[in-house]
Amino acid sequence: QVQLAESGGGLVQAGGSLRLSCAASGIIFRIDRMAWYRQAPGAQRELVASITGGGKIEYADSVKGRFAIARDGTLIVHLQMNSLKPEDTAVYYCNLDVTNSRGLKANYWGQGTQVTVSS
């Protein structure tokens, strides 16, 4: 069983920074993609940033130039969030796409970490 452990959320003033981290554990044959999603109250969960096993990175338009996703080794992904805005307030979820040794794909979610940006 694969598990994702997130850390780094909290309360910050507008213009501040936070760094989220997500560590994967368990039996993992190949990581295809690691990503961060967020869900604000009353809103749908949305993709914030992703990085593939080959290093391809994508960002939501709303965070381009402010957020940066990076992998730290094989099993850890960070999301550096700068110039935070109140509209960035949400629960942030780590997401993992993997392929096992038999070619079967699976997707996993972390438990979420709250990010609150005060104005």
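Me: How many salt bridges does the structure hold?

Reply: The model is a predicted one, and it holds eight salt bridges. One of them joins Arg38 to Glu46, with the closest N and O atoms 2.7 Å apart. Another joins Lys64 to Asp61, where the closest N and O atoms are 3.0 Å apart.

Me: Are Lys64 and Asp61 buried or exposed?

Reply: Both Lys64 and Asp61 are exposed.

Me: Which residue forms a salt bridge with Arg66?

Reply: Arg66 forms a salt bridge with Asp88, the closest N and O atoms being 2.7 Å apart. This pair links distant parts of the chain, 22 residues apart: Arg66 is in the loop between strands S6 and S7, and Asp88 is in the loop between S8 and S9. Arg66 is buried, with a relative accessible area of 10%, and Asp88 is buried too, at 1%. Salt bridges also link Arg38, Glu46, Arg66 and Asp88 in a network.

Me: How is a pair of aromatic rings described?

Reply: Such a pair is described by the distance of the centres and the angle of the planes. A search of the whole structure finds two aromatic pairs. For Tyr37 and Trp109, the ring centres are 4.9 Å apart and the planes stand at 65°; since an angle over 60 degrees counts as edge-to-face, this pair is edge-to-face. Tyr37 lies in strand S4 and Trp109 in strand S10, so the pair ties together parts 72 residues apart in sequence.

Me: What are the distance and the angle for Tyr93 and Trp109?

Reply: The ring centres of Tyr93 and Trp109 are 6.3 Å apart and the planes are at 90°, so this pair is edge-to-face. Because Tyr93 belongs to strand S9 and Trp109 to strand S10, the pair ties together parts 16 residues apart in sequence. Within it, Tyr37 is buried at 17% relative accessible area and Tyr93 is buried at 14%, while Trp109 is partly exposed at 39%.

Me: Where does the charged end of Arg45 sit?

Reply: The charged end of Arg45 sits over the ring of Tyr93, 3.7 Å from its centre. That charged end also sits over the ring of Trp109, 4.5 Å from the centre of that ring.

Me: Which backbone angle of Ser83 deserves a remark?

Reply: Ser83 has a positive phi of about 50°, although it is not a glycine. Ser83 lies in the loop between strands S8 and S9 and is partly exposed, with a relative accessible area of 42%.

How values were computed. Residues numbered from 1 in each chain as written. Predicted model: local features only at pLDDT ≥ 70, side-chain atom pairs only at ≥ 80, totals over all residues. Heavy atoms only, no water. Phe/Tyr/Trp six-rings, centres within 6.5 Å; stacked < 30°, edge-to-face > 60°. Helix = DSSP H or I, 4+ residues; strand = E, 2+ residues; numbered from the N terminus. Buried < 20%, exposed > 50% of the residue type's maximum accessible area, 1.4 Å probe, protein only. Lys NZ or Arg CZ within 6 Å of the ring centre and 35° of its normal. Salt bridge = Lys/Arg side-chain N within 4 Å of Asp/Glu carboxyl O.
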